[in-house]
Amino acid sequence: MATQPPIERFLAQLSVERQASPHTLDAYQRDLAALNTWLNERDLLTLRSDDVRAFIASEHRRGLSAKSLQRRLSACRGLFRWLLKEGALANNPCAGVRAPKAPRKLPQVLDVDEAVKLVELPTDAPLGLRDHALLELFYSSGLRVSEVCTLRWRDLDFEQSLVSVLGKGNKQRIVPVGSHARRALLELRQSAHPASDAFVFPGRTDKPISSRAIQLRIKQLAFRQGVHKRIHPHLLRHSFASHMLESSGDLRGVQELLGHADISTTQIYTHLDFQHLAKVYDAAHPRAKRKS
């Protein structure tokens, strides 16, 4: 029986041992398939740092963005770290190799008035109670769309106004639920009389609603409410984080609410807050007008 290639073995352990999400697995597969194509039957285990640099350079010449090159290199690092741990390599060929820096884009957010306009849906329409609860929960607690999809009624503590979610890396966190979201969820529960282990937002066959279905629905609801931005679930998460930081100034607290492993991920919202302050200053101070 032929030995399974290193890349296939690495992807298998990502799936089984580390229980990586389908999205993560798909990204690793694409990036490592590009490496495999570039190898052109050369033995992966013979690569050196210069070879990895040559691979990244060739992908750059093909027109890949700095962000995509960073992801390619990240996948390579993961693969070679695992091979090193398995004893298949003596040295990591990714050591010292850097991808070009990508310009960091600030995420778009809703201002408070836009957020309130979006979530204050009429509940008498078909699916009105569900849609209202969905939007209120996103903006109230800053959950990821994957966390909302798999949420069950037993995960909600209405007495304490808390929700327990399983985030990235199977890490559990408990997040407050705002009073408007709590009321909307209670109304939804009273109308549906669900079992405690039922999904809060089920799909058509009692399975969880898909992230794609939520994305499309939020886009429709935003248009209906007259909010003319490209609205998607992660925009509501960005808005939650930005508004929380603007009100509290507590970066570490916002990090915990969002479930970020690294505070540097959360720090982007400090730039958003500065943007807001700069606009207020420019609009209010008589000597702050800047040349366009």
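In which helix does Gln13 lie? In this predicted model, Gln13 belongs to helix H1, which spans residues 6–16. Its relative accessible area is 10%, and Gln13 is therefore classed as buried, the cut-off being under 20%. Leaving aside residues up to four places away in sequence, Gln13 touches Arg18 and Trp82.

Most residues other than glycine have a negative phi. Asn40 is not a glycine, yet its phi is positive, at about 55°. Asn40 is found in the loop that runs between helix H2 (22–39) and helix H3 (49–61). With a relative accessibility of 61%, Asn40 counts as exposed, because the threshold for that class is over 50%. His193 also has a positive phi, near 50°, and is likewise a residue other than glycine. The loop that holds His193 lies between helix H8 (179–192) and helix H9 (211–225). The relative accessibility of His193 is 67%, so His193 too is counted as exposed.

The packing of helices comes next. Two packed helices are described by the angle between their axes and the distance between the axes. For helix H5 (residues 112–119) and helix H6 (residues 128–141), the axes come within 9 Å and cross at roughly 155°. Because angles over 145 degrees count as roughly antiparallel, H5 is roughly antiparallel to H6. On the H5 side, the contact is made by Ala115, Leu118 and Val119, which meet His132, Leu135, Glu136 and Tyr139 of H6. By class, the residues of this contact divide into 5 nonpolar, 1 polar and 1 charged.

Arg130, Asp131, Leu134, Leu135 and Phe138 in H6 meet Ile214, Arg217, Ile218 and Leu221 in H9. This contact has 6 nonpolar and 3 charged residues, with no polar ones. Leu135 is listed in the contact of H6 with H5 and again in the contact of H6 with H9.

The elements that give two or more residues to the lining are H5, helix H10 (233–248) and helix H13 (268–284). H13 supplies the largest share, 5 residues. Taken by class, the lining of the second largest pocket consists of 7 nonpolar, 5 polar and 5 charged residues.

How many cavities of 30 Å³ or more does the count give? The count comes to 1, and the largest cavity has a volume of about 30 Å³. Leu156, Asp157, Phe158, Ser161, Leu162, Val177 and Arg182 line this cavity. The lining residues of the largest cavity divide into 4 nonpolar, 1 polar and 2 charged.

Definitions and conventions: Residues numbered from 1 in each chain as written. Predicted model: local features only at pLDDT ≥ 70, side-chain atom pairs only at ≥ 80, totals over all residues. Heavy atoms only, no water. Axes fitted to C-alpha atoms, helices over the stretch in contact; angles between N-to-C directions. Helix = DSSP H or I, 4+ residues; strand = E, 2+ residues; numbered from the N terminus. Parallel < 35°, antiparallel > 145°, perpendicular 65-115°, else oblique. Contact = heavy atoms within 4.5 Å. Nonpolar A, V, L, I, M, F, W, Y, C, P; charged D, E, K, R; others polar. Buried < 20%, exposed > 50% of the residue type's maximum accessible area, 1.4 Å probe, protein only. 1 Å grid on protein atoms, 1.4 Å probe; cavity = no way out; pocket = protein on both sides within 12 Å on 5 of 7 lines; lining within 4 Å. Points joined across faces, edges and corners; volume = space filled by probe spheres on them.
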